[in-house]
Amino acid sequence: MTLANATVRSGQQGPSGSRWPRQGRQGGRVPRIDRNAGTWFLVLPALIPILILSVGPLLYGIALAFTDAQSGRTRSTQWVGGLNFQDLLHDALFWDSFRIGLVWAVGVTVPQFVLALGLALLLNQNLRMRWLARALAIIPWAMPEVVVGIMWRLVYNPDAGVLNETIRDLGLGDGRDWLTGLATALPAVIVVGVWAGMPQTTVALLAGLQNTPHELHEAAALDGAGAWRRFRTVTWPALRPVALSITALNFIWNFNSFALVYVLTNGGPGGRTRLPMLFAYEEAFRYGQFGYAAAMGCVMVAVISVVLALHLVGRLRGGEDQ
């Protein structure tokens, strides 16, 4: 009796049929592959550094905020609960630095976006040597913040700086000490922040502009729409998600700024440029108040979380409207 006849007589189907039992080499069933386990195995190499270098220090900093940890090996650390946060509520210097941080973040983010949008619209045009203009536009982004700070300190130098020399050559006065003046220090630093952060915003907006279908602009032009109307009805709706995302990220980055302001003014003069991150740095590494500085960090993390939550809510509502 052949195998085919035996199969037909027994009522079973062939290997391609649904009633043929799946068997492995040893006669057992073929084991099912757990796709979730394979996915975690591939993600784990990238997840471990994040847990060790980001999540771990964050949790440790939150726990440290509820202690009286200070510098010194011989001093024991005690649990103080919310005492550090109570002290922050009555710390006028902290809230002053918080106010300066908000002024700095808004003062850098808004001009940064406006100027970057104009530059992105210009670089999106069919201009001669456009490739060179795009390359030059991202040079500040490639420079470390410490180098940018040193370079602009030379520009603002009261004796031989380029800015004061230009003012003297134009007969507009004798110049001034921009980084040590109480009225000019923060605006001078904001100018540097705008210059240093504008390239990344320009690149993001330029990418959004290039993803806008050119046919929509042509159709609007045929309908008689001017440049402003085309921007308002065609360009901006397509660019809005990118604009909201890069603006939220810029605000977070600017609020957490440290190196640029530290090199330019070190928080001076008289604390006029002491951002919250600088204030926390001084409390931790100049005065040794690690627990108090960690509490400041927790407050800044809370502010950033609120900004991210508002951004995500806006994105979700925008997706529902579409």
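Okay, so let's start with Gln-200: buried or exposed? Gln-200 is buried, because its relative accessible area is 18%, and buried means under 20%, exposed means over 50%, and partly exposed is in between, with a 1.4 Å probe and protein chains only. Quick word on where this comes from: this is a predicted model, where local features need pLDDT of at least 70, side-chain atom pairs count only at pLDDT 80 or more, and totals for chains, interfaces and linings use all residues. Residues are numbered from 1 along each chain as its sequence is written, and side-chain values use heavy atoms, with hydrogens and water left out.

Back to our glutamine. Gln-200 sits in helix α9, residues 185–210; helices here are DSSP runs of H or I with at least four residues, strands are E runs of at least two, and both are numbered from the N terminus. What does Gln-200 touch, leaving aside its neighbours within four places in sequence? The answer is Trp-141, Asn-250 and Trp-253, where contact means heavy atoms within 4.5 Å. With Trp-141, the Gln-200 side chain also makes a side-chain polar contact at 3.4 Å. A polar contact is a pair of N or O atoms within 3.5 Å; within protein, one must be able to donate a hydrogen and the other to accept it, and residues adjacent in sequence count only if both atoms are side-chain atoms.

Now, helix packing. Two packed helices are described by the angle between their axes and the distance between the axes. The axes of α9 and helix α11, residues 227–255, come within 9 Å and cross at roughly 160 degrees. So α9 is roughly antiparallel to α11, a label for angles over 145 degrees. The axes are lines fitted to C-alpha atoms over the stretch in contact, and angles run from 0 to 180 degrees between N-to-C directions. On the α9 side, the contact includes Gln-200, Ala-204 and Gly-208; on the α11 side, Leu-239, Ala-243, Asn-250 and Trp-253 are among the residues involved.

Let's move to Glu-218, in helix α10, residues 214–222. Glu-218 counts as partly exposed because its relative accessibility is 41%. The C-alpha atoms of Glu-218 and Arg-230 are 9.4 Å apart, with the two residues 12 apart along the chain.

And the whole chain? How many helices and strands does the chain have? There are 14 helices and 0 strands. Of the 322 residues, 34% count as buried. And among contacts with a separation of 6 or more, 62% come from residues 24 or more positions apart.

Note on methods: Parallel < 35°, antiparallel > 145°, perpendicular 65-115°, else oblique.
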